[in-house]
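Dear colleague,

I am handing over a structure for your attention.

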Amino acid sequence: MTANYHLPENIEQAFGFMKASNGQARFIAGGTDLMVHRHQGNENSPVLIDISRLKELQRLKIENDTLTIGAGVTLHQLASQPDIASKFPLLKTAAESIASPVIRKSATVAGNLLVDNRCVYFNQSEFWRQAVGLCLKCGGAYCLATGGKKACYSVFVSDLAPAFIALGARAGILSSEGQKEVPVEQLYSSIGLEPISLPDGALITDISLPIRPAIKTWFHKLRPRKSVDFTNLTMAMCFDEEKQEVKIAVSGADMGPAVHIAPVPLNFTEVLKSLRKNCRMVDNLFYPRPYRRKMLEVYLTNGLAHLGLL
Ligand SMILES: Cc1cc2nc3c(=O)[nH]c(=O)nc-3n(C[C@H](O)[C@H](O)[C@H](O)COP(=O)(O)OP(=O)(O)OC[C@H]3O[C@@H](n4cnc5c(N)ncnc54)[C@H](O)[C@@H]3O)c2cc1C
C-alpha cells in the first residue's frame, strides 16, 4: 500500500497536513510499529505525516520539580539520560526492556504509548490471516481466540505505559480542540478494536512527571527472550512513602492497562483479586493463560517484597 508522505518542519505544518487529509492521515514517528502493520496489511492510511523531525517534540527538561519528556524522544535517548537514570530508574529499565538496541534508536516515547494491541491471530501476514480466517480486529466476524462475536481480546503491550502510570505521569495532547493534559491511563479505552482514546488527528506533545524524592519503584517483564520479544506480562510499581500508597500498573494482560492503587499497609489478597479481575487474559500470546495468571501473582509478590511491603 503506497501513501502520500509529508515531512513537516513544525507542529503547525503537521496539523495543516492533518487537516488537509480530511481524517485520512496518520502520524508516523519512529515507524517501528506502524510500518510493520502496514507490511502485514493491517494499516493502510493513504497519508502519512512524519513527525520525527519536529524539534518541539524532542525536548527533555527538568523544571519546578517536573520532568517533561518530549513525545519524540527516542527510547535510546530516554534510557541514556543520566538525570532519568538517577531520578527515574524505573523509566530506564522499562525503556531498555523494549525491542532491541537498534530499534530503540528510532522508536519514540509517544509511539510506544500508542503501540497497537497485539494477538497471535492479528500480528501475522495477510496470507496467514486469510488462510486461518480473519479475526474481529481485521474485519472478521468473530474473535479467533475466544470464539466470541462481541469483543476483541487483543492485548495492550506498551512497556513504558505501566512505568509512566505507576509514576503518575500526564500526557500533553494537542488537537483541534486545543491543548490539554490527561493522566497517561486516560489515553486508553480498554477496547481491543480501538484501544487508543484520543481525539481525531490529535498529537501527543509530551509526558510530564512529578519529581518526588520519597518513592521506591519496581519493574518486571515476562517474555521468552530478553530482547526483541513483546511482553506477555509487564508490571510496574511505585511506592510513595509520603502518601503511604503503592500504585501498580500492568500491561500484557488485558485490552488496556490494569491499574490498582492500594494504601499501605496493604491487603495482598484484595490487591491480587482486583488485579485478576482487571486482567482479562485469554490464550492469545506466546505463553498460555494459566501460566500468565500465575505469573501475575508471582510478580505481585516479588514486587511488593522488593519494596518492603510484604
Ligand atoms: C522487533 C520488534 C520488537 C518490539 N518490541 C517491543 C516491546 O518489547 N515493547 C513494546 O512496547 N513495543 C515493542 N515494539 C513496538 C515498537 O517498536 C515500540 O512500541 C516503539 O516505541 C513505537 O514507537 P515508534 O516511534 O516507532 O511508533 P510509530 O510506529 O511511529 O507509531 C506508533 C503509533 O503511534 C502513533 N504516534 C506516534 N507518535 C505520535 C504522537 N506524538 N502523537 C500522536 N500519535 C503518535 C502513530 O500514528 C502510530 O499509531 C517492537 C517492535 C518491533 C519491530
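Which backbone oxygen does the side chain of Asn-284 reach, and at what distance? The side chain reaches the backbone oxygen of Tyr-153, at 2.8 Å. Please bear in mind that this is a predicted model.

Asn-284 itself sits in the loop that runs between helix 10 (268–278) and helix 11 (289–306). Its relative accessibility is 1%, and because buried means under 20%, Asn-284 counts as buried. With neighbours within four places in sequence left aside, Asn-284 is in contact with Arg-118, Cys-119, Val-120, Ala-145, Tyr-153, Ser-154, Val-155 and Arg-292. The overall layout may be taken next. The domain assignment of the protein gives domain 1 (1–53), domain 2 (55–210) and domain 3 (215–306). The centres of domain 1 and domain 3, taken over C-alpha atoms, are separated by 33 Å.

The ligand is surrounded by 33 residues, the closest being Phe-27, Thr-32, Thr-108, Asn-112 and Asp-159. By class, this shell holds 20 nonpolar, 8 polar and 5 charged residues. Strand 2 (25–28), helix 7 (109–113) and strand 8 (203–210) each contribute at least two residues to the shell.

- For Phe-27, a backbone N or O atom lies 2.5 Å from a ligand oxygen atom.
- For Thr-108, a polar side-chain atom lies 2.6 Å from a ligand oxygen atom.
- For Asp-33, a backbone N or O atom lies 2.9 Å from a ligand oxygen atom.

Taken alone, the ligand exposes 980 Å², and the protein buries 92% of that area.

A further loop residue is Val-264, found between strand 12 (258–263) and helix 10. Is Val-264 buried or exposed? Val-264 counts as buried, because its relative accessibility is 17% and the cut-off for buried is under 20%. Leaving aside neighbours within four places in sequence, Val-264 is in contact with Phe-239, Gln-244, Glu-245, Val-246 and Leu-309. Between the C-alpha atoms of Val-264 and Asp-116 there are 34 Å, and the two residues are 148 residues apart along the chain.

A colleague

How values were computed: Residues numbered from 1 in each chain as written. Predicted model: local features only at pLDDT ≥ 70, side-chain atom pairs only at ≥ 80, totals over all residues. Heavy atoms only, no water. Domains from an automatic or database assignment. Near = heavy atom within 4 Å. Polar contact = N/O pair within 3.5 Å; in protein donor to acceptor, adjacent residues only side chain to side chain. Areas by Shrake-Rupley, 256 points an atom, 1.4 Å probe, with all protein chains shown as cover. Helix = DSSP H or I, 4+ residues; strand = E, 2+ residues; numbered from the N terminus. Nonpolar A, V, L, I, M, F, W, Y, C, P; charged D, E, K, R; others polar. Buried < 20%, exposed > 50% of the residue type's maximum accessible area, 1.4 Å probe, protein only. Contact = heavy atoms within 4.5 Å.
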